[in-house]
Amino acid sequence: MSAAPSAASVGVIADRAWLWPIDVSRYNRRAELTAQELQALRELGWQVRRRRGYDPDLPQWRTIGRLLRPLDDARAVLGWCPDTPAHRRAVTDAIGLVLRRCLDEQASFWAWSAENWFELIAPGHIEFEAAWPDWIDGTVRPYVAAFAYLLGDFTDFHRIGNFNRRSLAWRIFGKNVVEDSVDQVTETLQGWGYHPTAGAVGQFRTVLIQAMLVNRSPLLQDMTSEALERIREDPTNTPHHLRG
């Protein structure tokens with residue numbers, strides 16, 4: 001399948017509009033870090049992980065509040081995150097890594113390019129884990145990618161190896177709305193007489209979810225002709241990169 005079908009082609013009419021879950025205009029997005037912010041990050045060190053012994057009353061947290069607040073807000077809007085100790089730890093560690101990289105770059109994440117985000121996410125989980133102490137594991141990386149997408153407009157998915165696009169879409173858009181859109185298109189295709197194999201269904205789902213991520217909306221009515229053209233031109237949609 002060369003492209004996901006448009007909303008018009010499957011006859012989908014929806015009475016809702018997709019609202020981006022983070023309003024970035026609410027935040028202080030100054031690119032430069034102040035001398036006080038840099039000093040606070042240095043003093044916190046790996047306390048940015050907010051693990052054992054975390055003291056929220058330390059003055060350094062107030063100093064870096066404009067960096068921490070949007071990251072915490074982004075975590076709060078994730079639509080699908082298993083409520084387990086491992087995942088709660090992973091998403092908190094992901095925030096800590098973004099803060100740590102702000103110190104390394106001496107710039108807020110609002111100033112980061114796609115290349116900066118890519119260097120943090122890494123080409124694969126092996127490279128990601130190798131760059132950090134051994135208490136940072138592969139469960140952290142998908143959450144870094146979610147923050148990059150939500151706050152940094154990162155969509156260079158073709159550069160970060162195989163990863164679970166479905167889980168990312170569930171986290172950003174919500175599981176139900178993603179699966180509802182997939183089901184609508186699947187049912188329409190079956191109504192037209194298409195009965196693909198299980199493998200083809202999986203590939204189709206990946207293409208459609210990739211289209212949602214590039215289009216920054218899970219709703220089929222947002223798959224306009226202009227959106228589909230942009231999706232077709234996106235390098236992430238080459239067959240070589242659509243693997244999961």
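Arg-50 is found in the loop that lies between helix H2 (35–44) and helix H3 (59–63), where helices (H or I, at least four residues) and strands (E, at least two) are DSSP runs numbered from the N terminus. The model is a predicted one, in which local features need pLDDT of at least 70 and side-chain atom pairs count only at pLDDT 80 or more, while totals for chains, interfaces and linings use all residues. Residues are numbered from 1 along each chain as its sequence is written, and side-chain values use heavy atoms, with hydrogens and water left out.

Although Arg-50 is not a glycine, its phi is positive, at about 55°. With a relative accessibility of 14%, Arg-50 counts as buried, a term that means under 20% relative accessible area, as against exposed at over 50% and partly exposed in between (1.4 Å probe, protein chains only). A positive phi, near 80°, is also found at Ala-122, again a residue other than glycine. Ala-122 has its place in the loop between helix H6 (114–121) and helix H7 (125–130), and at 5% relative accessibility Ala-122 counts as buried.

Two packed helices are described by the angle between their axes and the distance between the axes. For helix H8 (residues 141–152) and helix H9 (residues 165–173), the axes come within 10 Å and cross at roughly 50°; such axes are lines fitted to C-alpha atoms, for helices over the stretch in contact, with angles running from 0 to 180 degrees between N-to-C directions. H8 and H9 are therefore oblique to each other, since angles under 35 degrees count as roughly parallel, over 145 as roughly antiparallel, 65 to 115 as roughly perpendicular and the rest as oblique. Pro-142, Tyr-143, Ala-146, Tyr-149 and Leu-150 of H8 meet Leu-168, Arg-171, Ile-172 and Phe-173 of H9, contact meaning heavy atoms within 4.5 Å.

Phe-173 also belongs to the largest nonpolar core, where, of 71 residues, Leu-41, Leu-99, Phe-109 and Phe-173 touch the most other members; a nonpolar core is a set of buried Ala, Val, Leu, Ile, Met, Phe, Trp, Tyr and Cys residues joined through side-chain atoms within 4.5 Å. Leaving aside residues up to four places away in sequence, Leu-99 touches Leu-41, Val-48, Ile-64, Leu-67, Leu-68 and Leu-71.

Over the protein as a whole, the secondary structure comes to twelve helices and zero strands, and buried residues make up 48% of the 244 residues. Among contacts between residues at least 6 apart in sequence, 70% join residues at least 24 apart.
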